[in-house]
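Please keep the sequence and the structure in view while reading.

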Amino acid sequence: MLDWTDKHCRYFYRTMSRHALLYTEMVTTGAIIFGKGDYLSFNTEEHPVALQLGGSDPAAMAQCSAKAQALGYDEVNINVGCPSDRVKNGRFGACLMAEPTVVADCIKAMQAEVDIPVTVKCRIGIDDMDEYEDLTRFVSEVADAGCDTFIIHARKAWLQGLSPKENRDIPPLSYPRVYALKQEFPDLSISINGGIKTFEEAKQHLSYVDGVMLGREIYANPYLLARVDEVFYSDSQAVPTREMVVVKMQDYIREQVAKGEREWHVARHMLGLFQGQPGGRVWRRYLSQNGTGRNPQSDILLRGYEAVQATIEQSKQHFAARNN
């Protein structure tokens, strides 16, 4: 979720779900240790929130984990699933599935420095190392090092020949392989990821595994989160409306603009808020046309919502006129 799940995106998600565990975009150890930016910044409202960490040097991973815990993160997750060339050349991401000992050494070093959970997100395989035995060998060695939680993207990654985008779609999904992993390692917490779009699908997976991670579908249709607490956490609190989310996020944007942020840096994550709803196209177009450029419009969310409501009202009037 590079360039997607930044702190503004996560704050937006938290307005709709109090319980879902949110993950940062992947941050490398090099960026944290040597970079000039504040790569670990987050809003206190984001809890529970996990840092997704990229790296392969145990000492650097431990150093960054300690910093994350000191800042208040609830979990550190090692990314062993990203297939991009940039990640591979830095010796982290999916290529580390071929080096379970390195991942195990990172787990040991990190857990020696922190009390918060240290977890792993990986694929079901890479390149020609895509047999079930390859996956169990990786999980077994990493689990022996002390990791008890794995999030499994149910696709292999082709590190040779496919782009990161193609690796999200072309390799076929194999959910049964993740189910089998849970059966073989019943004491581990196994969550599943990849191609899951509906709550019905998520519920089916939860018959076999411990958790479900949604990524691209939530970004495209974020209002799905509004019912997560009710459906999966038995939370009886009223489901927030889209209007409530818009108002809360406009307040947040004003705070961020006062700190020097651009309104679009927040609003861009909200393009899908009205996905599949009347006025959804108007919302996306309004934000895109008025949020960018040299002179972006202020209070863009409120103005966009007004445009959506005007469109809905015009449709109602048109429908009424046709039926009179």
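With which side chain does the side chain of His269 make a polar contact?

## Basis of the report

This is a predicted model, in which local features need pLDDT of at least 70 and side-chain atom pairs count only at pLDDT 80 or more, while totals for chains, interfaces and linings use all residues. Residues are numbered from 1 along each chain as its sequence is written, and side-chain values use heavy atoms, with hydrogens and water left out.

## The surroundings of His269

The partner is the side chain of Tyr219, at 2.9 Å. A polar contact is a pair of N or O atoms within 3.5 Å; within protein, one must be able to donate a hydrogen and the other to accept it, and residues adjacent in sequence count only if both atoms are side-chain atoms.

His269 lies in the loop between α13 (263-267) and α14 (280-291). Helices (H or I, at least four residues) and strands (E, at least two) are DSSP runs, numbered from the N terminus. With a relative accessibility of 1%, His269 counts as buried (under 20% relative accessible area; exposed is over 50%, partly exposed in between; 1.4 Å probe, protein chains only).

## Helix α3

Ala60, Met61, Ala62, Cys64, Ser65 and Ala68 of α3 are buried. These buried residues pack against α2 (29-34), β3 (49-54), β4 (75-80) and α5 (100-111), where contact means heavy atoms within 4.5 Å. After α3 comes Gly72, with a positive phi near 110 degrees.
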